[in-house]
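Okay, thanks for coming, everyone. Let me put the model up and walk you through a few bits of it.

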Amino acid sequence: MFRFQIVSDCKNKDELIHANIVKPKAALKIGQKLNEGKTKQIFELVDQPGLVLVQSKDQITAGNAVSKDQMEGKAAVANKTTSCVFQLLQESGIKTAFVKQHSDTAFIAARCEMIPVEWVCRRVATGSFLKRNPGVKEGYRFSPLKMEMFFKDDANNDPQWSEEQLLEAKLCLAGLTIGQCEVDIMSRSTVAIFEIVEKAWATQNCSLVDMKIEFGVSVKRREIVLADVIDNDSWRLWPAGDRSQQTDKQVYRELKEVTPKAMQMVKRSFEWVSERVKLLLEPQASSRVVLLMGSTSDVAHCEKIRKACASYGIPCVLRVTSAHKGPDETLRIKAEYEGDGIPTVFVAVAGRSNGLGPVMSGNTAYPVISCPPLTPDWGPQDVWSSLRMPSGLGCSTVLSPEACAQFAAQILGLRDHLVWCKLRASMLNTWVSLKLADKKLQACSL
């Protein structure tokens with residue numbers, strides 16, 4: 001908790017707030033205030049160049065601050081929500097400015113120059129979209145997601161922008177010019193970020209209807225990262241997909257009269273979200289990959305699979321068994337992992353004549369993947385024992401250890417949203433790396 005003290009030499013409110021940022025967990029040297037928005041303040045950290053402290057405020061606004069009220073405890077609720085959401089995204093593999101939560105009402109982030117655009121992603125048509133698109137009924141579901149962007153300009157009520165307007169603005173932030181490559185990266189990232197958060201909220205039977213996010217350019221690394229905050233002001237969230245149960249800032253927007261009782265109702269909605277958001281970081285089901293190798297000579301191959309599985313947060317168990325030399329033991333091991341009910345993918349690692357994969361596939365309803373360690377001399381002949389299956393068997397064959405782990409993750413991700421989120425972020429990061437490589441190559445060719 002922050003301890004607020006009266007400081008006699010503070011000459012104004014800003015100085016008082018600045019003096020009150022006491023460091024409960026670590027000694028931070030707070031520098032000047034860099035920026036202040038409707039719901040937060042940004043302070044430099046003198047002893048940590050490239051980092052800032054993002055301090056939330058007990059203020060709630062709507063309509064570009066046309067409506068504005070104090071809500072005691074909102075700073076802590078908003079900070080808790082943002083910290084959990086950014087932790088989810090970071091652990092999934094999304095690049096963000098978030099570093100760590102510092103206190104109940106503040107977090108540390110990488111210093112960024114903010115791109116003055118709000119990216120809005122919609123799954124369901126509601127709110128301002130209906131006003132701008134008459135004839136579309138509320139509840140219309142967007143598949144694929146509907147993307148929009150709005151230029152941050154309070155005086156003009158944040159006008160909607162097209163991609164062409166953003167490109168023509170020729171924005172340059174932290175030494176990075178915002179061109180087609182950067183716009184494409186932000187657009188693709190917005191969709192991935194929405195889908196990850198949507199998948200996570202679905203585990204709590206909550207529908208993510210729409211969400212707004214902002215990007216910044218890291219001053220230190222000069223790369224685009226997800227920045228600002230993502231809290232209950234940032235989205236529409238409908239429990240059980242029911243608009244009447246909405247728990248987001250729309251509750252405040254729709255108040256006919258701001259009374260203490262009404263503000264308590266709004267606060268309860270925000271607190272409900274801040275309590276549930278912690279659950280987004282918890283796996284919904286345990287899962288594993290069981291690697292069965294024909295002999296210990298296959299350990300190196302199995303270790304590659306295990307390392308790749310670890311990147312998706314999937315634990316691996318390594319066992320040695322031969323379907324040719326000890327089929328009874330192979331089936332006993334299989335039964336051992338079927339008996340505890342944990343979702344499992346079996347991976348058969350056997351060179352030469354692969355009997356391990358087919359025997360497992362013919363005796364279990366669990367998914368089986370063959371990933372044979374092929375050798376240069378007999379590989380072209382040996383692979384057929386994995387590819388040519390008898391009828392009635394569904395054993396797949398994946399030759400690359402990394403691809404084998406990814407396939408296992410895709411299977412287990414159907415039940416574990418945290419695995420799915422890592423897969424989704426990995427897809428985005430692969431696409432971004434290709435986009436940046438192409439940009440670099442084009443620059444060298446000019």
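So, which residue in strand 18 does L292 stand opposite? It's R319.

Quick housekeeping: this is a predicted model, where local features need pLDDT of at least 70, side-chain atom pairs count only at pLDDT 80 or more, and totals for chains, interfaces and linings use all residues. Residues are numbered from 1 along each chain as its sequence is written, and side-chain values use heavy atoms, with hydrogens and water left out. Helices (H or I, at least four residues) and strands (E, at least two) are DSSP runs, numbered from the N terminus.

Back to the sheet. Strand 17, residues 288–293, pairs with strand 18 in the parallel sense over five bridges; pairing takes at least two DSSP bridges between the strands. Helix 8, residues 299–310, packs on the sheet and touches strands 17, 18 and 19, contact being heavy atoms within 4.5 Å. The direction of helix 8 makes about 170° with that of strand 17; axes are lines fitted to C-alpha atoms, for helices over the stretch in contact, and angles run from 0 to 180 degrees between N-to-C directions.

Zooming out, the open sheet has five strands, ordered 18-17-19-20-21, with parallel pairing. Strands 18 and 21 are at the edges with a single partner strand each, so one side of each has no neighbour in the sheet.

Elsewhere, helix 2 (74–92) packs against helix 14 (417–445) at about 65°, axes 8 Å apart. Helix 2 brings L88, E91 and S92, and helix 14 brings L418, C421, K422 and A425.

Last one: helix 5 has 17 of its 23 residues buried, so it's largely enclosed by the rest of the structure. Buried means under 20% relative accessible area, with a 1.4 Å probe and protein chains only.

Notes
Buried < 20%, exposed > 50% of the residue type's maximum accessible area, 1.4 Å probe, protein only.
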